Amino acid sequence: MIDSIRELLRKEAEAVMNIPVNDGYEKAVNLIVEQIHRKKGKLVTSGMGKAGQIAMNIATTFCSTGIPAVFLHPSEAQHGDLGVLQENDVLLLISNSGKTREIVELTQLARNLNFDLKFIVITGNPDSPLAHEASVCLSTGKPAEVCLLGLTPTTSTTAMTVIGDILVVQTMEQTGFSIEEYSKRHHGGYLGQKSRKLCVK
């Protein structure tokens, strides 16, 4: 089992190192900084299934680092929750296939509400319908899943998570987000205590 685990770790690490890096990251970060940090919009993330859980995690991480963000469930969006979208918001959509019906439909519904709405898409299929709707498309590199069946989202969700982390950290750098600001947003728990101690120094 030890050898098997090491091989899984190798494959996951290899997938992360093979994520395509291009100017799409700079465009995505600039879009977030301009629309949300400067124009006071918010980031609205969405995805179905496992991709939705990654989208939710990205939203909460952005919130703690100075970028207001919410998760919008694509099915609930069709039953009124689409109203969360406002002027200057940015949609961050995640779909490994880029063909997820609910997410593709969400782009159409969002366009009907605000034709000028900007989309950032994270996908394993940069030639997909969803990617073609994107203002910025970030590819995971479509890594093979380490799941024994080659089906369960495993390696693909690792890549999605890493791409989200990159966007968060690069946005923090561009906005000059400080430990003082972090402590205001993270009062409870160990991180809240640690951030307040760092502020005192």
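## The end of helix 2

Helix 2 is followed by K40, which has a positive phi, near 65°. Please keep in mind that this is a predicted model.

## Helix 2 itself

Running over residues 24-38, helix 2 has 15 residues. From its first C-alpha to its last it reaches 20 Å, close to the 21 Å expected at 1.5 Å a residue.

Which residues of helix 2 are buried? They are G24, Y25, A28, V29, L31, I32, V33, Q35 and I36. Their cover includes strand 1 (43-47), helix 3 (49-64), strand 3 (90-95), strand 4 (118-123), strand 5 (136-139) and helix 7 (155-175).

## The nonpolar cores

The largest nonpolar core has 29 residues, and L43, F62, I94, I120, I122 and L138 have the most contacts inside it. At least two residues each are supplied by helix 2, helix 3, strand 3, strand 4, strand 5 and helix 7. Helix 2 gives the largest share of this core, with 7 residues. A second, separate core has 15 residues, including L91, I103, V121 and A134.

Beyond its neighbours within four places in sequence, I122 is in contact with I58, L92, L93, I94, S95, L138, T140, M160 and I163.

## A buried serine

S46 lies in strand 1. Why does S46 count as buried? Because its relative accessibility is 0%, and buried means under 20%. Leaving aside neighbours within four places in sequence, S46 is in contact with A55, F71, L72, H73, P74, L92, L93, I94, I103 and L106.

Note on methods. Residues are numbered from 1 along each chain as its sequence is written. This is a predicted model: local features need pLDDT of at least 70, side-chain atom pairs count only at pLDDT 80 or more; totals for chains, interfaces and linings use all residues. Side-chain values use heavy atoms; hydrogens and water are left out. Helices (H or I, at least four residues) and strands (E, at least two) are DSSP runs, numbered from the N terminus. The expected span of a helix is 1.5 Å times one less than its number of residues. Buried means under 20% relative accessible area, exposed over 50%, partly exposed in between (1.4 Å probe, protein chains only). Contact means heavy atoms within 4.5 Å. A nonpolar core is a set of buried Ala, Val, Leu, Ile, Met, Phe, Trp, Tyr and Cys residues joined through side-chain atoms within 4.5 Å.
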